[in-house]
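Here's a quick tour for anyone about to set up calculations on this one.

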Amino acid sequence: MLYEFRYRAPKTASEMIRLLDDHRDDGKILAGGTDLLPNIRDGNIRPAVVIDAKKIQSADSIAWSASEGLVMGNAVTINDVLRCREARELFPVLCDCARQLASHQIRNRATVAGNVVNASPCADMAPALLCLDAFAVLESASGTRQVPFSEFFTGVKHTVLKAGEFLEKIIIPASAAGARGYYLKLKRIAGHDLGIIGVLMVRRNNGIRFGVSSAAPTPVLVDGMLDKDGVDAAIVKVLAAIKPIDDIRASGEYRAFMASTYIRRLWQEIK
Amino acid sequence: MFDDLKPEALRYVGKSEKKVDDTEKLTGEAVYVSDMKFPGMLYAQVKKSPHARARIRNIDSGKAQAIPGVRAVITGEELAYRLGLYVVDKYILARGEVRHYGEAVAAVAADTPEIARAAVEAITVDYEELPPVLHHMDALKPDAPLVHPDLGSYSYVAAAFTPKPGSNIANHTKLRKGDVDKGFAESAWIIEREYSCPSVQHVPMETHVAIVKWSSGDKVSIWTSAQSPFTVRNLFCHAFSLPHNNVRVIIPYVGGGFGGKAGIGVEPLCAVLSRKAGGRPVKFQASREEEFSLLPCRSALTYRIRTGISSEGKILAQHMTMYWDSGAYADYAVNVTRASGYSASGPYEIPNAWIDAYTIYTNKPFGTAYRGFGHVEFHWAIERHMELLALAIGMDPLEFRRKNALRPGSRTLTGEELTEHSGSVLKCIDTVAAAISYGKITKEEAGREKRTGWKIGKGIAALQKAPAMPPFTATAVIIKMNEDGSVTVNLALTDLGQGTYTSIRQIVAERLGFVLEKVKISFDCDTEKDPYDWQTVASKGLFLSGNAAIIAAEDLLKKAYAVAAEVLHVGLRDLGHDGDKVFLRHHPARSISFSSMAVGYMMPNGNGIGGPLIGVGKYIAQGLTNLNKETGEGHPALNWTFGAHGMVVEANLETGEYRVLRIASAFDVGKAVNPELVRGQAIGGMMQGLGTAMCEGYIYDKEGRLLNPSFTDNKIPTAKDLPLEVECFVVETAQIDGPYGARGVGEHSMISVAAALGNALRKATGAEILHMPIRFEDVWRALRNKKPIDNWITKSPLGSCRSVKDIPSVAD
């Protein structure tokens with residue numbers, strides 16, 4: 001890095017909380033670093049203290065239990081998810097999204113927690129977490145709280161996380177196991193790229209829901225649809241929920257068009 | 001240099017020998033300038049302009065100078081040196097005015113990169129923002145701000161270029177052939193269209209980097225990642241008025257150049273910092289973002305073509321106007337304009353042609369050489385144009401191309417008559433057409449269409465290019481024999497991955513009759529130890545240096561024979577040789593080994609004769625001329641390499657999504673000295689062409705700031721974008737004066753890939769796309785008759801380049 005900062009690596013959650021409390025204004029959490037380090041390099045942020053979340057005990061653990069569901073510590077990487085048998089078998093849509101995130105090398109570093117905390121509209125893990133009713137477990141000096149991802153994102157690069165608070169783990173409830181679906185992501189090249197638009201369709205207990213990325217200030221969940229409503233109604237509902245913009249990657253018009261195209265494709269594929 | 005040797009008589013030429021630098025590169029042993037570090041070395045960083053055009057009121061570098069570890073801070077005011085390859089128009093650091101976003105205004109050398117960066121951040125610049133001129137078509141308007149108001153006072157190469165003082169025109173190249181008015185009058189159809197493409201970046205793996213040490217007595221040593229050591233030295237010495245023997249340029253392994261490192265780059269900046277820091281070596285390595293805007297890019301082009309065609313489908317007249325966006329400085333862009341100007345029609349015979357090619361200054365990062373030297377850009381236009389012409393007159397595009405293609409007896413735009421040895425574009429076209437089953441959908445493809453619901457289309461695009469170089473371009477090669485009879489070859493042509501050294505090695509081994517293992521090409525280039533070479537550009541390296549290598553090998557053998565004749569007391573004509581010795585042909589047992597005479601032969605009594613055996617070969621381009629500045633007539637082409645691509649794509653008619661299924665490429669290389677290397681060049685260039693065709697391109701905001709100066713939003717393709725099937729063919733119409741019949745093919749594989757894609761997509765979808773790159777959304781918009789995206793890739797802010805009547809007229 002081109003300037004000096006302090007690096008701290010707490011071993012426990014309470015140590016982490018203490019550090020965060022001490023550095024509410026000048027601290028940044030390092031997980032995979034695939035967003036943090038480019039931001040530091042580009043001069044967008046300049047933390048005085050970088051607090052590594054990976055050394056906290058069991059932060060890199062991904063575990064399934066029928067009682068708790070799939071529990072992912074905040075240092076679980078995207079490739080950890082893809083290597084986890086239960087994730088692949090019980091949460092295939094989570095893995096679909098994971099496979100579409102960046103490149104293999106980046107997936108070795110990038111974490112699920114980092115992907116959502118960074119809160120980019122194009123976060124690839126968000127559609128899956130939204131559609132699977134996942135929630136974040138947040139820790140701070142004032143205690144623990146659980147926030148479902150449907151309430152987690154508040155704007156472009158903004159979440160409900162408060163100063164001094166960190167995301168300790170992500171839990172996908174056992175009730176979501178077995179949900180079927182697929183994630184379609186429009187890119188400029190076949191290799192790793194940020195999505196121009198991404199649509200995940202998930203079927204659970206006969207209900208249908210969509211998680212949409214790169215289409216609004218935050219990743220969007222649209223749920224409460226049934227087969228009998230028909231695909232056209234689903235498209236209307238999703239388009240009403242998203243607000244795609246014009247930028248250098250695509251026009252909002254094309255994004256909306258491709259979102260509806262993807263819904264139609266998925267509707268046909270995922271029976 | 002073409003020997004009438006049968007292929008079976010050749011031992012190495014024509015064989016796919018292993019690349020000479022494979023092992024070093026794969027193991028990481030190869031040392032690049034990026035890897036280098038010298039005792040006491042300082043690190044440089046530059047302060048860059050956030051504005052496209054602004055007056056520099058004041059630069060305050062006091063705080064920066066006070067930072068411990070800062071050894072030199074420098075601003076443009078201290079540096080009166082102007083640089084320029086053809087038009088001398090650029091300061092090392094901006095003076096008085098910044099002319100593009102990302103331009104360097106101040107620089108720092110410090111003990112560490114961290115200190116240098118902190119110092120740069122501590123420099124404050126007071127700017128007065130000025131209205132920039134951003135789109136090259138707007139720059140032609142009478143009231144456009146002038147990027148270089150002092151253009152009239154700049155020196156330039158008058159034999160080749162024509163700047164227009166008082167305008168933004170850095171060069172106007174003209175070509176007039178036949179009688180266009182008559183040609184149009186006789187035409188059954190007249191069709192006019194306009195095509196465009198944006199600036200793109202070369203994206204070498206190793207970014208620009210140099211280390212310079214300015215020693216006492218104004219002796220300067222330069223280690224640089226560059227393509228052309230002697231050109232770096234020459235331009236450097238001109239800029240600083242130094243004797244050439246004061247300056248030494250060393251180029252080790254180079255991590256790619258693609259034209260972006262053809263001339264001079266960051267070397268002068270390091271040099272002035274080193275001088276100011278008391279002679280400590282200074283290293284500067286550009287970041288990826290700096291590659292996009294501090295360093296040059298490829299020029300954007302707007303190309304307007306009007307064509308008259310006979311009722312039989314023969315082109316009778318063509319009026320061509322090229323508007324090249326030079327950016328803030330002329331650099332290579334003026335020569336891109338010139339070289340494109342005389343090749344502007346592509347590989348077709350145009351009996352009556354009228355060409356105006358303008359290089360236009362704008363307030364944007366400047367344009368330079370890029371693989372193809374303009375030909376990728378204008379072939380995009382001309383090969384889309386040929387397609388659309390054929391459709392407009394109801395002919396099959398392949399037939400239309402065949403009918404108008406250059407062939408023996410045709411005259412090029414500059415009046416050169418092609419012969420049966422000039423290479424055959426027809427053979428290339430036919431080869432790729434057959435390879436992709438052009439004109440039909442196979443059973444398998446029909447099945448695929450049914451399965452996917454996507455439509456398959458096939459397109460062809462042809463191409464031509466000759467080396468763009470001064471008519472007297474020359475090179476030399478030296479072959480030194482070692483004590484054991486092996487040889488080491490020195491040349492200042494660089495090998496930056498294209499593989500020319502491997503081919504030169506094969507040529508030297510072939511001509512000497514030595515086993516390949518006895519021939520080594522010295523990898524580092526050093527202006528103090530290697531013989532002159534003009535530049536590693538233009539696909540001329542194998543041709544010129546290959547010929548020089550043959551002559552050097554002959555010279556070495558001649559000198560060895562002279563020693564052997566004296567030792568053996570025989571006439572020269574009685575001698576023959578193999579890989580180890582020179583012998584008497586009718587008594588082969590009477591011989592002397594090369595090793596015994598390599599550094600001087602000792603007679604039995606101890607007397608010495610001969611001396612170190614060194615072969616020298618030089619080669620200068622033959623019979624080329626300057627072009628008449630009014631008519632463009634003359635002989636600019638060392639040789640023409642022709643080629644063609646055939647592409648198969650499948651596309652979704654609803655969404656504009658597409659995939660390239662297959663590409664077949666053919667080039668008339670004269671002789672493939674190393675077929676695998678030709679294939680490597682063919683695939684590499686094809687992918688680079690496909691990247692610019694699909695997604696690459698500079699996007700600016702309305703203030704002229706580059707919005708995509710990194711890989712986040714300037715995507716380049718990866719291995720995953722490779723078409724499913726890639727085929728490469730060589731056609732071998734021997735070039736009489738080429739080494740073993742060879743001609744260059746380094747750039748050609750990138751040319752016309754975009755047009756082949758456009759043509760195949762048109763066939764699949766009906767979309768008429770006239771601008772690059774072709775993103776899915778562009779296809780979708782074209783299919784729905786929606787306006788192209790207004791994101792500055794294709795449009796000027798005023799939309800002035802979209803309709804004919806708005807084109808500003810340019811005074812002659």
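What do the buried residues of α18(B) pack against? They pack against α10 (252–269) of chain A, along with β31 (641–651), β32 (658–668) and α17 (753–765) of chain B. Keep in mind that this is a predicted model.

Seven of the eight residues of α18(B) are buried, so the helix is largely enclosed by the rest of the structure. The buried ones are B:Phe776, B:Glu777, B:Asp778, B:Val779, B:Trp780, B:Arg781 and B:Ala782.

The backbone on either side is worth a look too. In the loop between α17 and α18 of chain B sits B:Pro773, and the peptide bond that joins B:Met772 to B:Pro773 is cis, with omega near -10°. After α18(B) comes B:Asn785, with a positive phi near 55°.

## Where the chains meet

The contact between the chains takes 21 residues from chain B and 14 residues from chain A. On the chain B side, the elements that give two or more residues are α3 and α18 (776–783). The largest share of that side, four residues, comes from α3(B). Sorted by class, the chain B side has eight nonpolar, four polar and nine charged residues.

## The eight-stranded sheet in chain B

Chain B has an open sheet of eight strands with mixed pairing, in the order β3-β7-β1-β14-β11-β12-β13-β24. At the edges stand β3 (70–75) and β24 (525–526) of chain B; each has a single partner strand, so one side of each is left without a neighbour in the sheet. For β24(B), pairing with β13 (residues 247–251) of chain B is antiparallel over two bridges, and B:Ile250 stands opposite B:Asp526.

Helix α3 (residues 113–122) of chain B packs on this sheet, where it touches β1 (42–48), β3 and β7 (104–110) of chain B, and its direction makes about 25° with that of β1(B). Helix α6 (residues 267–276) of chain B lies across β1, β3, β7, β11 (209–215), β12 (219–224) and β14 (282–285) of chain B, and runs at about 35° to β11(B).

## A helix pair in chain B

Helices α9 (residues 375–392) and α10 (residues 397–404) of chain B pack at about 110°, with their axes 8 Å apart. That makes α9(B) roughly perpendicular to α10(B). From α9(B), B:Met386, B:Glu387, B:Leu389, B:Ala390 and B:Leu391 meet B:Pro397, B:Phe400 and B:Arg401 in α10(B). The contact has six nonpolar residues, no polar ones and two charged.

## Domains of chain A

Chain A splits into domain 1 (6–52), domain 2 (62–173) and domain 3 (180–269). The C-alpha centres of domain 1 and domain 2 of chain A lie 19 Å apart, and their contact takes 12 residues from domain 1 and 17 residues from domain 2. Helix α1 (residues 13–22) of chain A gives the largest share of the domain 1 side, five residues. That side divides into six nonpolar, three polar and three charged residues.

A:Ala119 has a phi near 55°, positive although the residue is not glycine. Its place is the loop between α7 (112–118) and α8 (125–131) of chain A, and with 22 C-beta neighbours inside 10 Å, A:Ala119 counts as buried.

B:Tyr740 also has a positive phi near 55°. This residue is in the loop between β33 (725–731) and α17 of chain B. B:Tyr740 is buried, with 28 other C-beta atoms within 10 Å.

Definitions and conventions:
Residues numbered from 1 in each chain as written. Chains lettered and ligands numbered in written order. Predicted model: local features only at pLDDT ≥ 70, side-chain atom pairs only at ≥ 80, totals over all residues. Pairing = 2+ DSSP bridges. Contact = placed C-beta atoms within 7 Å. Axes fitted to C-alpha atoms, helices over the stretch in contact; angles between N-to-C directions. Domains from an automatic or database assignment. Nonpolar A, V, L, I, M, F, W, Y, C, P; charged D, E, K, R; others polar. Parallel < 35°, antiparallel > 145°, perpendicular 65-115°, else oblique. Buried ≥ 20, exposed ≤ 12 C-beta atoms within 10 Å, placed from the backbone.
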